[in-house]
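Welcome! Have a look at the sequence and the 3D structure, and keep them open while you read this briefing.

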Amino acid sequence: MSLNLSRRQALSSVAGLGAVSAVAAPRLAWSQDAASDDAALVEAVDAYVKRAMAAFPDQPAVSVALVRDGQTLLTRGYGLRRMGHAERVDEHTLFAIASNTKSVTAAGLAILVDEGKVKWDEPVRTYLPGFTLSDPYVGEQITVRDTLSHRAGFGLGAGDLLFWPNSDRTRAEVVAQAAFVPIKDGFRSGYAYCNLMFVVAGAVLEAVSGQTWEAFVQTQIFDRLGMTETVPLTTLADPAKSALPHARVGPPLRTHGPMVQIADSIAEVWNWDSAAAAGGVCTTPVDWAKWMRMRLAMGALPDGTRLFSEVVAKEMWKPNIIISSSEGPTAAMPARAIASTYAMGYQVQDYRGERYISHGGGSPGGISATVLLPGRKTAFSIFTNAEEGRLLGALRSGIADLCLGSRRYGPDFDWIADARRKADEDEPKAVAAAAAIDAKQAAGAKPSQPLAAYAGTWRDPWYGDIVIEPRGRGRSQSLWLSFSHTPALKGPLEPYDGETFRTRFADKREEDLLITFVLGADGKATATMKALSPDADFSYDYQDLRLTRV
């Protein structure tokens, strides 16, 4: 389990936060009926965000949008575009919203469903002839609905190395390589977050509409909503108008240590043009408020026209797979859902007796969340330019409680204090984990073969080639590892323990790995990988690689 509140948890709703201990909340500056008073709610949310940022002073910026009853109540930025500089974020600052994009892709397909050009339950190969997957049965049966529901049977984050970190692959190449990514579980038997199938969903949209994904969502969605500040690709985000990415890159491990700026543009660390349908959008609080108002209106636009019908709007919120279930909230776990499910581009669950529809987004240097409370005709979003998952969780749950008037449901819970306590516990755990990694390497057995014996071109069926080169001679000889399609994943390869080696990538923004070799007496050689850190992001799906020397 991750030591820190990881991207996988940031992508989950409040149900994924796990056990928490009750913390008495200080008295908030709002009355018990503030949830029914717009001005009081805005004041309470503003005060809450400021208090949360004070508790997490390393967070450069947060932006919030709040809508209710068809009106935008709040769009506001807090903090700095980049640490150490004076430029402040505001309601017009661009943020990478990563997987919040998935609801845009679902909406694009909904438009085509209304036009009779796509059916939710039609096989993908109807629209992409020749499409297949590593399990031929799944390749034949998988439908458009399945691609949007994380239920195809892939493991968590399977195939993400095709485009994460920034890759040189095209969109068509990503879809083609999907045919070789291993499927681990039963088709439609369980939930596992899968960006790759959203890339396939985007390919369906392109094939049917005759437009690129970005052209379609720009003209058919953003333009119609008046989202003039939004761009569909991170490569289109002007750095001068963007909240720039920040993160902790160690020591002791990635996601820990001091907060630093990690790029001078969003695209430098988050170029997902080849996977745009899964996470390409950059937007502002002002524009995303327009999106949330439309979603609460079930597709209706202010001018009386519709982006999509109420029928497909309801279908996109219909649960398709169970994520988790429990006996419900307790005093120690006030956010625990009875049932958390995934629909199409949104997670749907119960929260304090209300229907809670949400999604998160996680990119290098930024995490975000969108929450819709249809029963209250209320929605809000939180965008950030750092990877402070504990802070995002506190904001998401705390603002939801403010919107609902949580005192009606029992004792207040101080999400900020609880998040701060957990964050303070994370660092010593990371230090201990790093020390254990270093100690194991120091005590590790020597490789059984000369270093040159591990060199060569190593090929995985879905990723492609990873090259290991010998450098130097004699006692000064070393190894250098390079992922052929991922420029950032290059660096020295060091003996770790016997036939296991570790990387030290030159780009400290990336997660190091362990590679274990099996050198057969017959000359055949294979290797497997896994992330070095127990806190590594799930999109570093090294564990799915099955390498053979060629």
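This is a predicted model: local features need pLDDT of at least 70, side-chain atom pairs count only at pLDDT 80 or more; totals for chains, interfaces and linings use all residues.

Rings of Phe, Tyr and Trp (for Trp, its six-membered ring) count as a pair if their centres lie within 6.5 Å.

**Aromatic rings**

- A pair of aromatic rings is described by the distance of the centres and the angle of the planes.
- How are the rings of Y463 and F483 arranged? Their centres are 5.3 Å apart and their planes stand at 75°, so this pair is edge-to-face, given that an angle over 60 degrees counts as such.
- Y463 sits in the loop between strand 13 (456–460) and strand 14 (464–471), while F483 belongs to strand 15 (residues 478–483), so their pairing ties together parts that are 20 residues apart in sequence.
- Both Y463 and F483 are buried.
- F501 and F517 make another edge-to-face pair, with 5.5 Å from centre to centre and 85° between the planes.
- Strand 17 (residues 500–503) holds F501 and strand 18 (residues 513–519) holds F517, so here the pair ties together parts that are 16 residues apart in sequence.
- F501 and F517 are buried as well.
- One aromatic cluster is formed by F163, W164, W270, W272, W462, Y463, F483, Y540 and Y542. Notice that Y463 and F483 from the pair above are among its members.

- Helix 3 (residues 102–114) packs with helix 11 (residues 285–296) at an angle of about 50°, and their axes are 13 Å apart.
- The two helices are therefore oblique to each other.
- The crossing of helix 3 and helix 11 is left-handed.
- Which residues make the contact? Helix 3 contributes S103, V104 and A107, and helix 11 contributes W288, W291 and R295.
- Sorted by class, this contact has four nonpolar residues, one polar residue and one charged residue.

- Most residues other than glycine have a negative phi, and most peptide bonds are trans.
- W164 and P165 are joined by a cis peptide bond, with omega at about -15°. P165 is in the loop between helix 5 (144–147) and helix 6 (171–177), and W164 is a member of the aromatic cluster.
- From P251 to P252 the peptide bond is also cis, and omega is near 10°. You will find P252 in the loop between strand 4 and strand 5 (259–261).
- A98 is not a glycine, yet its phi is positive, at about 50°. This residue is in the loop between strand 3 (95–96) and helix 3.
- R188, another residue other than glycine, has a positive phi near 65°. Its place is in the loop between helix 6 and helix 7 (195–209).

- A106 is part of helix 3 and is buried, with a relative accessible area of 0%. Leaving aside neighbours within four places in sequence, A106 is in contact with W120, L148, M316 and M344.
- A106 and V144 are 38 residues apart along the chain, and their C-alpha atoms are separated by 9.6 Å.
- H246 lies in strand 4 (residues 246–248) and is buried, with a relative accessible area of 0%.
- What does H246 touch? Not counting residues up to four places away in sequence, the list includes P60, R81, R82, M83, M259, V260, N385 and E387.
- F56 is in the loop between helix 2 (38–55) and strand 1 (61–68), and F56 is buried, with a relative accessible area of 3%.
- Not counting residues up to four places away in sequence, F56 touches E388, R390, L391, I416, A419, R420 and A423.
- F56 and T234 are 178 residues apart in sequence, and from C-alpha to C-alpha they are 27 Å apart in space.

Terms used. Residues are numbered from 1 along each chain as its sequence is written. Side-chain values use heavy atoms; hydrogens and water are left out. Axes are lines fitted to C-alpha atoms, for helices over the stretch in contact, and angles run from 0 to 180 degrees between N-to-C directions. Helices (H or I, at least four residues) and strands (E, at least two) are DSSP runs, numbered from the N terminus. Angles under 35 degrees count as roughly parallel, over 145 as roughly antiparallel, 65 to 115 as roughly perpendicular and the rest as oblique. A crossing is left-handed if the near helix is turned anticlockwise from the far one by less than a right angle, and right-handed if clockwise. Contact means heavy atoms within 4.5 Å. Ala, Val, Leu, Ile, Met, Phe, Trp, Tyr, Cys and Pro count as nonpolar, Asp, Glu, Lys and Arg as charged, and the others, Gly among them, as polar. Rings of Phe, Tyr and Trp (its six-membered ring) pair if their centres lie within 6.5 Å; planes under 30 degrees apart count as stacked, over 60 as edge-to-face and the rest as tilted. Buried means under 20% relative accessible area, exposed over 50%, partly exposed in between (1.4 Å probe, protein chains only).
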